[in-house]
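Morning, everyone. One structure today, and I'll keep it short. Have a look at it first.

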Amino acid sequence: MVSNIIHLSKPIIWQEEIDAVIEVMKSWNIIQWPEVEKLEKSFCDITWCKYAVAMNSGTAVLHAALYWLNIWKWDEVICPPFTFVATANAILMAWAKPVFCDIDEKDYTIDPQYIERAITPNTKAILAVSLYWQPFKYNEIKKISDKYNLKIIEDGAQSIWASYNNMPSGWLGDAGTFSLYATKNIHCAEWGVMVTDNEECYLKARMLRHHGQSEERYIYYDLWYNYRLTDIHAAIANIQVKRLDKINELRIRNAEIYDTWLKNLKWLIIPYRHEANKHVYHQYTIRITEECSINREEFAKVLENNNIWYGIYYPNPLHLHYHFINLWYKEWDFLVSERLAKEVISLPVGPHVTEENIHFITDVIKEHVQ
Ligand SMILES: *Cc1c(COP(=O)(O)O)cnc(C)c1O
């Protein structure tokens, strides 16, 4: 039987988003930013942060957060190697050095046990990633950062609306960053926002996203990029923010159905969930272990043959990419990340996925794999 394609992720754009864009276009104020400011306000509400500054991508705000928390040349920033490349690229963009620390095999976030060993007199910050949805281990990392006087930045690109012990993602560090790229839980094509309680960081970010211009027009404070964005994008996101609860509830429901059907398969590991955290399942990522009758690539083929789209996030840990190998990293430096890169596979979990879809997917898995 050939089924219809079940997409891994699908941007949700309804008539309401289309109408909102048309409104902005008709107003002729396509760059005037009332929509941007409204969206920044919403992110303050979602994350409890005092300030939010929007820019044109998740990478832009990561770069900005590092720069405006005064990370600079020769500084070292600790981050995990198992994440999207933008996390560590942003550190290089700020002229600092990424120092990788392996992740916890259970929840895939940076493992605090390795951090202290990696600290040197040059260490200035920990850039923790809340991967797939799971907030990083805030309590343990906060203890280390207090002891060594380090900044914490949270890359929350995949964890909008998630929380750690009732504290929202974004609020956990000195600054948090989010992306609203087309595949994220809410999206508007391209967009990023930094949230912070640090007034200096906020004021500089707000001032400088426009070519480093100071409060005074055509007076430049610093060398900086064009990280502006448009009201056209923000108008889409303002509609999506209203649906944040609904979208995430559907993801959680879908993940729970998967859990029910997959948890008894011995050769497969389902996502771990800390009970005290609120999860938003940016990805539903399982692991195909050595006990499985087929390897991850063959497993992927089974899905493909049944029109089920999947994702591999991420097939190579960052320390094995050539621009990080240049920092003297090599294979076997981070064994957990390297093993997970061979085992992980993400199944469709977004709001476009129905209960029937999941029954179909889990039936395919059970039928073809032991
Ligand atoms: C998507 C993502 C980013 C980058 O966001 P862009 O908007 O694509 O620049 C950074 N970190 C993580 C973990 C991401 O998933």
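Contacts here mean heavy atoms within 4.5 Å. In the protein chain, among those between residues at least 6 apart in sequence, 70% join residues at least 24 apart.

Now the ground rules. This is a predicted model: local features need pLDDT of at least 70, side-chain atom pairs count only at pLDDT 80 or more, and totals for chains, interfaces and linings use all residues. Numbering runs from 1 along each chain as its sequence is written, and side-chain values use heavy atoms, with hydrogens and water left out.

The protein chain has 13 helices and 13 strands. Those are DSSP runs, numbered from the N terminus: helices are H or I, at least four residues, and strands are E, at least two. Of 370 residues, 57% are buried, meaning under 20% relative accessible area with a 1.4 Å probe, protein chains only.

Next, helices H1 (residues 15-27) and H8 (residues 231-242). Their axes lie 8 Å apart, at an angle of about 145 degrees. Axes are lines fitted to C-alpha atoms over the stretch in contact, and angles run from 0 to 180 degrees between N-to-C directions. In H1, the contact residues include Ala20, Val21 and Val24; across from them, H8 brings Ile232, Ala235 and Ile236, among others.

Last, strand S13 (residues 344-347). S13 pairs with S12 (residues 284-288), antiparallel, over four bridges; pairing takes at least two DSSP bridges. In one of them, arginine 287 partners valine 344 of S13.

Terms used
Buried < 20%, exposed > 50% of the residue type's maximum accessible area, 1.4 Å probe, protein only.
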